[in-house]
Amino acid sequence: MMPVRANATDELFIHASPEAVQRRLLGLSEDASWWPGARAGGGYGWVTLDVPIGLHRGRMKMKASIPSSREWEGFTWTLEEGELAGRAEWWLESFKDGTIVHYFLDVERGRRLPTSVKRHRWAIRRGLNALKDLLEARGAPARRAAR
């Protein structure tokens, strides 16, 4: 029997440098305070993440190793524990005066795969939107004054 696979992509523009975005994403194990309700841990080369999934829908937990990182261009997560198993790739594309954050999820197993993928994507998007709010807040007064 062939394993069941699922792929998903998300992207978001953040008005910040790829360096600032990658530094925060790779620093999750030390500081996840910007991600609403997140609890994170880990060390060099791996991260654990426990984040809320919507109102009354519980939490998503995962452990990922970080086998490779491309300086200011992104990195890969190998999802080892949690609802999903597979890999996720963060690709950071410099665009105009900011960064397009691409997130590619490729998993081959999980309990209730479609539901787990939706939960995972919801959590990632919530974290990315919070990161966007944090990184863009620094330059907000200057941008408003320029209008």
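W90 touches L25, R70, E73, G74, F75, W77, V101, H102, Y103, I124 and L128, leaving aside residues up to four places away in sequence. Contact here means heavy atoms within 4.5 Å. The model is predicted: local features need pLDDT of at least 70, side-chain atom pairs count only at pLDDT 80 or more, and totals for chains, interfaces and linings use all residues. Residues are numbered from 1 along each chain as its sequence is written, and side-chain values use heavy atoms, with hydrogens and water left out.

L25 lies in helix 1. L25 counts as buried because its relative accessible area is 4%; buried means under 20%, exposed over 50% and partly exposed in between, with a 1.4 Å probe and protein chains only. Beyond residues up to four places away in sequence, L25 touches W34, F75, W90 and L131. L25 and F75 stand 50 residues apart along the chain, yet their C-alpha atoms are separated by 9.4 Å.

The protein has three helices and seven strands. Their order from the N terminus is β-α-β-β-β-β-β-β-α-α. These elements are DSSP runs numbered from the N terminus: helices are H or I with at least four residues, strands E with at least two. Of the 147 residues, 44% count as buried. Among contacts between residues at least 6 apart in sequence, 49% join residues at least 24 apart.

In soluble globular proteins, nonpolar side chains tend to be buried together. Here the largest nonpolar core holds 40 residues, and V21, W77, W90 and L105 have the most contacts inside it. At least two core residues come from each of strand 1 (6-14), helix 1 (18-26), strand 3 (46-52), strand 4 (59-70), strand 5 (74-82), strand 6 (84-95), strand 7 (98-110) and helix 2 (113-137). Helix 2 gives the most, with eight residues. Such a core is a set of buried Ala, Val, Leu, Ile, Met, Phe, Trp, Tyr and Cys residues joined through side-chain atoms within 4.5 Å.

The largest pocket has a volume of about 250 Å³. Its lining consists of L26, S29, E30, G43, Y44, G45, W46, V47, I66, P67, S68 and S69. Strand 3 and strand 4 are the elements that give two or more residues to this lining. Strand 4 gives the most, with four. By class, the lining has six nonpolar, five polar and one charged residues. Ala, Val, Leu, Ile, Met, Phe, Trp, Tyr, Cys and Pro count as nonpolar, Asp, Glu, Lys and Arg as charged, and the others, Gly among them, as polar.

A search of the whole structure finds one cavity of 30 Å³ or more. About 60 Å³ of space lies in the largest cavity. M60, K61, M62, L79, E81, G82, E83, L84, S116, R119 and H120 line it. The lining divides into four nonpolar, three polar and four charged residues. On a 1 Å grid over the protein atoms alone, a cavity is a set of points where a 1.4 Å probe fits but cannot get out; a pocket is an open set with protein on both sides within 12 Å along at least five of seven lines, and lining residues have an atom within 4 Å of a point.

The average pLDDT, the predictor's confidence in each residue from 0 to 100, is 88, and 88% of the residues score at least 70. Over residues 141-147 the pLDDT is below 50, and this stretch has two contacts beyond near neighbours in sequence. Where pLDDT is low, the predicted coordinates should not be read in detail.

Definitions and conventions. Points joined across faces, edges and corners; volume = space filled by probe spheres on them.
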